[in-house]
Amino acid sequence: MKRPLITGLSLAATWLSGSAWRRADSGVERLFDVALYEDLARRAEQAGMDFVFRPDTLWLDPQTQATGPGTSALDPSLLLACVARATQRIGVVTTLSTSFQEPMHIARTLASLQALSQGRAAWNLVTGLDGQDNFGHRPFAAADGRYQQAEECLRVVQALLGSYPASALRLDRASGRYAQAEAIRPIHHQGPCFQVHGPLTLPTAGRLPLFQAGASDTGRGFAARHADAVFAATPTLETASELRCALRQRALAAGRQGQAPQVLPGLSLYLAPQRHDAEALHAQAHRHLDTGQRLARLAGILGAPVAGLPADRPLTPDDLPAPAGPVRSRTHAELLRRRVERERPTLAALLALPEVVASAHWQVVGTPDDAVQQILAWQAAEAIDGFIALPGGSPVSLDLLLDQVLPALRAAGALHPVASLPTFAHRVTGA
Ligand SMILES: Cc1cc2nc3c(=O)[nH]c(=O)nc-3n(C[C@H](O)[C@H](O)[C@H](O)COP(=O)(O)O)c2cc1C
């Protein structure tokens, strides 16, 4: 029997991305209104989704603000604390960076979110894309160095989360014993990146699932050893299949029998009742980008200037410049190179690709039924364990996801029945 898919909704307001915020129905005025996200999370919960998710960036380019919200956003953990109080069952997955945030701060935030949500919190661990200029106390290591720091940070966070177990509490009024002090243990961590005495400043209960994003070779190794789920950028069924197989093999090799990370690709959805309306929605959301801006994005992904690419013939990987230095995300750079190798696009086609104009995520531009059929096909091919929905173009994509796509998937047996949904942590970790 097919395993039911795990489903998450991104609360990153992707329906405002690009030019979409300019639509009359975009609701852009509510970007920083917590009630909007509380309402969406309640709707996602009613629709039987497993979790809501919030990515994060710790930098802002003022120039981008001239044309859209860009990376400007509420703090994810504070936002999800409110969302947790407005919901009962749905998981809340927050993003915290091991490059910029201290393990003590991360552990405290996670333990607090776990308490506020009554056991529904999870950590999306990122090593970060940019933001080093805002955290000058420690140099921003190259990608592999960031993963070494992430290993140490994760170890410290886990030790802190175990340092004050809720089972240490006694609350015995008669004897005056509040907690068993011997069960609350400092962690005495002395490592190359962090020195942390501990213990954590509040008791913690329950297992916090670990999500991870970043799928270079080093990132995959990290995920295979530690992650319960990966937020993946997989534009095609083949890339998702390949990632899922590789993670399963590597998790097995790391001794995690039957515990491979769940592969949850981002799924960008531009939906409308008619396919041509969905295509128009997609075109409208990206109309703001001129050729110069598209070339600048391409250069950003590849980590090198791209002037002089031939416009009169199909491109080969050899046409693409080698990175001039470290790239922001090797995952995204490698996905783009592989696509050029596979499809040999012209320059015009390359500059129209979703990964250049928007992101490298799996994308459906079509009707709710198109989305259902694609998701069922990816599930049948065992390419995914679920997905994180990124509705785009207009809030209508979001409505159609919740009101039509999810019920149709459930009717097709691809999702767990809402009435008997296991807890979020159980769904993600299997434990
Ligand atoms: C799908 C995906 C989502 C990501 N989301 C975030 C994010 O929300 N915040 C962030 O700081 N970095 C994010 N990253 C960056 C990764 O955490 C990582 O630092 C980067 O991809 C470099 O790792 P790599 O060499 O394994 O690709 C994301 C990466 C991927 C592939």
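**Figure 1. Separation of domain 1 and domain 2.** The centres of domain 1 and domain 2, taken over C-alpha atoms, are 28 Å apart. Domain 1 covers 6-271 + 363-429 and domain 2 covers 287-357; these bounds come from an automatic or database domain assignment. The model is a predicted one, in which local features need pLDDT of at least 70 and side-chain atom pairs count only at pLDDT 80 or more, while totals for chains, interfaces and linings use all residues. Residues are numbered from 1 along each chain as its sequence is written, and side-chain values use heavy atoms, with hydrogens and water left out.

**Figure 2. Interface between domain 1 and domain 2.** Contact involves 20 residues of domain 1 and 15 residues of domain 2, where contact means heavy atoms within 4.5 Å. About 1400 Å² is buried between the domains, 49% of it on carbon and sulfur atoms. Buried area is the accessible area (1.4 Å probe) that two parts lose on being put together, summed over both. Three salt bridges and seven residue pairs in polar contact (both at pLDDT 80 or more) are counted between domain 1 and domain 2. On the side of domain 1 that touches domain 2, α4 (143-161) and α6 (237-253) each supply at least two residues. The largest share of that side, four residues, comes from α4. Its classes are seven nonpolar, eight polar and five charged residues. Ala, Val, Leu, Ile, Met, Phe, Trp, Tyr, Cys and Pro count as nonpolar, Asp, Glu, Lys and Arg as charged, and the others, Gly among them, as polar.

Figure 3. A salt bridge is a side-chain nitrogen of Lys or Arg within 4 Å of a carboxyl oxygen of Asp or Glu. Side chains of opposite charge can pair when their charged atoms come close. The whole structure holds 19 salt bridges. In the pair of D144 and R330, the closest N and O atoms are 3.0 Å apart. For R207 and D228 the corresponding distance is 2.9 Å. This second pair links distant parts of the chain, 21 residues apart: R207 is in the loop between β8 (195-196) and β9 (210-212), and D228 is in the loop between α5 (217-226) and β10 (229-232). Helices (H or I, at least four residues) and strands (E, at least two) are DSSP runs, numbered from the N terminus.

Figure 4. A side-chain N or O atom of T127 is 2.5 Å from an oxygen atom of the ligand. Polar backbone atoms also face ligand oxygen atoms, at 3.1 Å for A213 and at 3.4 Å for A215. A polar contact is a pair of N or O atoms within 3.5 Å; within protein, one must be able to donate a hydrogen and the other to accept it, and residues adjacent in sequence count only if both atoms are side-chain atoms.

Figure 5. Most residues other than glycine have a negative phi, and most peptide bonds are trans. G198 and P199 are joined by a cis peptide bond with omega about -5°, and P199 is in the loop between β8 and β9. A13, which is not a glycine, has a positive phi of about 55°. A13 is in the loop between β1 (6-10) and α1 (34-46).
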